[in-house]
Amino acid sequence: MAKIEGKRDFVPVNIGILTVSDSRTLETDTSGQVLVDRAEAAGHVVLERAIVKDDVADLVALLNRWISNPLIDVIISTGGTGLTGRDVTPEAFAKVCEKEIPGFGELFRWISFQKIKTSTVQSRATAGIANGTYLFALPGSNGACKDGWDDILVHQLDARHMPCNFVELMPRLKEHL
């Protein structure tokens with residue numbers, strides 16, 4: 001049974017929050033703010049926050065910059081996971097990720113199905129690892145960001161979560177390098 005284990009210490013992780021949008025600004029970026037607020041409330045540190053247009057090259061450039069920063073443990077993006085021509089976040093993630101975490105997108109869509117039913121098939125939420133950094137791509141709605149954080153990430157980014165979590169794997173993510 002999943003639970004918080006009191007015998008372990010909480011370990012804050014350093015997070016970059018990225019919004020992928022052609023139209024949002026920091027003032028109008030409510031989904032990015034949802035992620036910032038939730039990450040900080042959980043005790044994590046938001047080291048970077050940015051908004052990037054829906055462009056694969058621009059997105060890959062920023063992802064690579066953050067991935068190469070040894071201080072950033074986790075990147076969470078919001079937006080660009082849909083089906084339209086401008087939705088390119090999964091394609092950009094595919095260019096930088098060394099390993100996929102397919103269960104993240106699968107679990108996100110299962111959680112989302114409980115709330116929005118079959119509309120969840122339009123989400124291409126995804127996750128992976130690059131250079132020892134976790135990357136998670138969520139849809140651009142506030143509800144999707146709340147679901148992704150509240151139902152998955154808050155637990156998996158907590159070293160006390162049992163039986164396992166992403167944080168405990170962090171020291172081993174670069175074993176192949």
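Q: What makes Asp151 partly exposed in this predicted model?
A: Its relative accessible area is 34%. Buried means under 20% and exposed means over 50%. Asp151 falls in between, so it is called partly exposed.

Q: How do you know that Lys115 forms a salt bridge with Asp151?
A: The closest N and O atoms of Lys115 and Asp151 are 3.6 Å apart. The cut-off is within 4 Å, so the pair counts as a salt bridge.

Q: What does the pair of Lys115 and Asp151 tie together?
A: Lys115 lies in helix α4 and Asp151 in helix α5, so the pair ties together parts that are 36 residues apart in sequence.

Q: Which residues of α4 are buried, and what puts them on the same side?
A: Phe104, Gly105, Phe108, Ile111 and Ser112 are buried. They cover an arc of only 130° around the axis, which puts them on the same side of α4. In general, an α-helix has 3.6 residues a turn, so residues three or four places apart point the same way.

Q: What do the buried residues of α4 pack against, and what does the face turned away carry?
A: The buried residues pack against β6 (126-130), β7 (133-138) and α5 (142-156). The face turned away from the buried side carries the exposed residues Glu106 and Trp110.

Q: Why is the contact of Arg124 and Glu91 called a salt bridge?
A: Their side chains meet at 2.7 Å, N to O. Arg124 lies in the loop between α4 and β6 and Glu91 in helix α3 (residues 89-96), so the pair ties together parts that are 33 residues apart in sequence.

Q: Why are Arg124 and Glu91 called partly exposed?
A: Arg124 has a relative accessible area of 23%. Glu91 has 34%.

Q: Why does Leu71 count as exposed?
A: Its relative accessibility is 53%. Exposed means over 50%, so Leu71 qualifies. Leu71 lies in the loop between α2 (56-67) and β4 (74-78). With Val45 and Leu47, Leu71 makes a nonpolar surface patch of about 250 Å².

Note on methods
Residues numbered from 1 in each chain as written. Predicted model: local features only at pLDDT ≥ 70, side-chain atom pairs only at ≥ 80, totals over all residues. Heavy atoms only, no water. Buried < 20%, exposed > 50% of the residue type's maximum accessible area, 1.4 Å probe, protein only. Helix = DSSP H or I, 4+ residues; strand = E, 2+ residues; numbered from the N terminus. Arc of directions from axis to C-beta. Contact = heavy atoms within 4.5 Å. Patch = residues over 30% accessible without salt bridge, like charges linked within 9 Å, V, L, I, M, F, W, Y side chains within 5 Å. Areas by Shrake-Rupley, 256 points an atom, 1.4 Å probe, with all protein chains shown as cover.
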